[in-house]
Amino acid sequence: MALNLKNSTDEQLLVFLKENNELAFDEIYNRYWASLFNQAYKRLGNKETTEELLQDLFTKLWINRHQITVTSSLGAYLAGSVKYLVL
């Protein structure tokens, strides 16, 4: 039986992500991609550069999934990461 992750909290998704659950990663991507794209695009003004930045962000999220420590919310963590990458 497949997990329905659409109703999962961000905290639950992080637990699943740390357990190597690719569906949790997909849900995080689907949940946050558009808002992160808009945030980065406002500062960069270039679609291709923004898409590359987000690809780097989500690649790093997957690679570093076991070390990630989110002290606020997942959305704030990702928004902060985008801000850092844009700078």
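The protein carries 9 positive and 10 negative side chains, and 7 Å separates the centres of the two sets. In this count Lys and Arg are positive and Asp and Glu negative, with His and the chain ends not counted; each charge is placed at NZ of Lys, CZ of Arg, CG of Asp or CD of Glu. The structure is a predicted model, in which local features need pLDDT of at least 70 and side-chain atom pairs count only at pLDDT 80 or more, whereas totals for chains, interfaces and linings use all residues. Residues are numbered from 1 along each chain as its sequence is written, and side-chain values use heavy atoms, with hydrogens and water left out.

Helices (H or I, at least four residues) and strands (E, at least two) are DSSP runs numbered from the N terminus. The C-alpha trace spans about 40 × 25 × 20 Å along its principal axes.

Of the 87 residues, 33% count as buried; buried denotes under 20% relative accessible area, exposed over 50%, and partly exposed in between (1.4 Å probe, protein chains only). Among contacts (heavy atoms within 4.5 Å) with a separation of 6 or more, 53% are between residues 24 or more positions apart.

In the largest nonpolar core, which has 21 residues, Ile28, Leu36, Leu61, Leu78 and Val82 touch the most other members. Helices H1, H2, H3 (47-63) and H4 (74-86) each give two or more residues to this core, and H2 gives the most, with seven. Such a core is a set of buried Ala, Val, Leu, Ile, Met, Phe, Trp, Tyr and Cys residues joined through side-chain atoms within 4.5 Å. Apart from its neighbours within four places in sequence, Leu36 is in contact with Leu54, Leu57, Phe58, Leu78, Ala79 and Val82.

Asn20 lies in the loop between helix H1 (10-18) and helix H2 (22-44). Although not a glycine, Asn20 has a positive phi of about 70 degrees. Most residues other than glycine have a negative phi. Asn20 is partly exposed, with a relative accessible area of 39%.
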